[in-house]
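Here is a short briefing on one model. Keep the sequence and the coordinates open beside it.

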Amino acid sequence: MENKKAIKLIDKILVNLDKTGINTDTLIDDIKELRTYALEAEIPLVVKVLRLTYEHIEANGSFLIPILDDEPVDEVEGVIESTEDEAPEESLKYLLSLIKNLDNKMNISDLKEYRDLLNAY
């Protein structure tokens, strides 16, 4: 995202996640506000991912989507370690950091994967 207010808001959300974890009261409002910036910038993927994210947090009281693996599953040999025990804050922080830099094609790919995981949850 190129909007400076949006970047500032993402940074604020990341700091709050570090301090208080997933505090649904402020977090959902902040994500909804961030979504308005994505609407203004006309970035449909980000708008959708943010909507699915705050709806997921409202419904579950947390962010239950595990952080994405760096390596494709078909290239990994042996047992795939579960990421379920990782803090939900880490996955949400990663998702928000993807939105900060939409010029990176891998970030767009990961956002699409988050969208699909949120839709399937």
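Helices are DSSP runs of H or I with at least four residues, and strands are runs of E with at least two, numbered from the N terminus. Lys93 lies in helix α4, residues 88-100. This is a predicted model: local features need pLDDT of at least 70, side-chain atom pairs count only at pLDDT 80 or more, and totals for chains, interfaces and linings use all residues. Residues are numbered from 1 along each chain as its sequence is written, and side-chain values use heavy atoms, with hydrogens and water left out.

**Lys93 and Leu14**

- Lys93 counts as buried because its relative accessibility is 18%; buried means under 20% relative accessible area, exposed over 50%, and partly exposed in between, with a 1.4 Å probe and protein chains only.
- Leaving aside neighbours within four places in sequence, Lys93 is in contact with Leu14, Leu17 and Asp18, where contact means heavy atoms within 4.5 Å.
- Lys93 and Ile67 are 26 residues apart along the chain, and their C-alpha atoms are separated by 9.2 Å.
- Leu14 sits in helix α1, residues 4-20.
- At 17% relative accessibility, Leu14 counts as buried.
- With neighbours within four places left aside, Leu14 is in contact with Lys93 and Leu96.
- Leu14 and Ser97 are 83 residues apart in sequence, yet 8.5 Å apart in space, C-alpha to C-alpha.

**Helix α4**

- The 13 residues of α4 should span 18 Å at 1.5 Å a residue, and the end C-alpha atoms are 19 Å apart, which agrees; the expected span is 1.5 Å times one less than the number of residues.
- Ser91, Leu92, Lys93, Leu95, Leu96, Leu98 and Ile99 are buried in α4.
- An α-helix has 3.6 residues a turn, so residues three or four places apart point the same way.
- The buried residues of α4 pack against α1, α2 (24-40), α3 (44-60) and α5 (105-120).

- Buried residues of α3 include Leu45, Val49, Leu52, Tyr54, His56 and Ile57.
- These buried residues of α3 pack against α2, α4 and α5.
- Glu42 is placed in the loop between α2 and α3.
- Glu42 is not a glycine, although its phi is positive, at about 55 degrees.
- At 66% relative accessibility, Glu42 counts as exposed.
- Gly61 follows α3 and has a positive phi, near 75 degrees.
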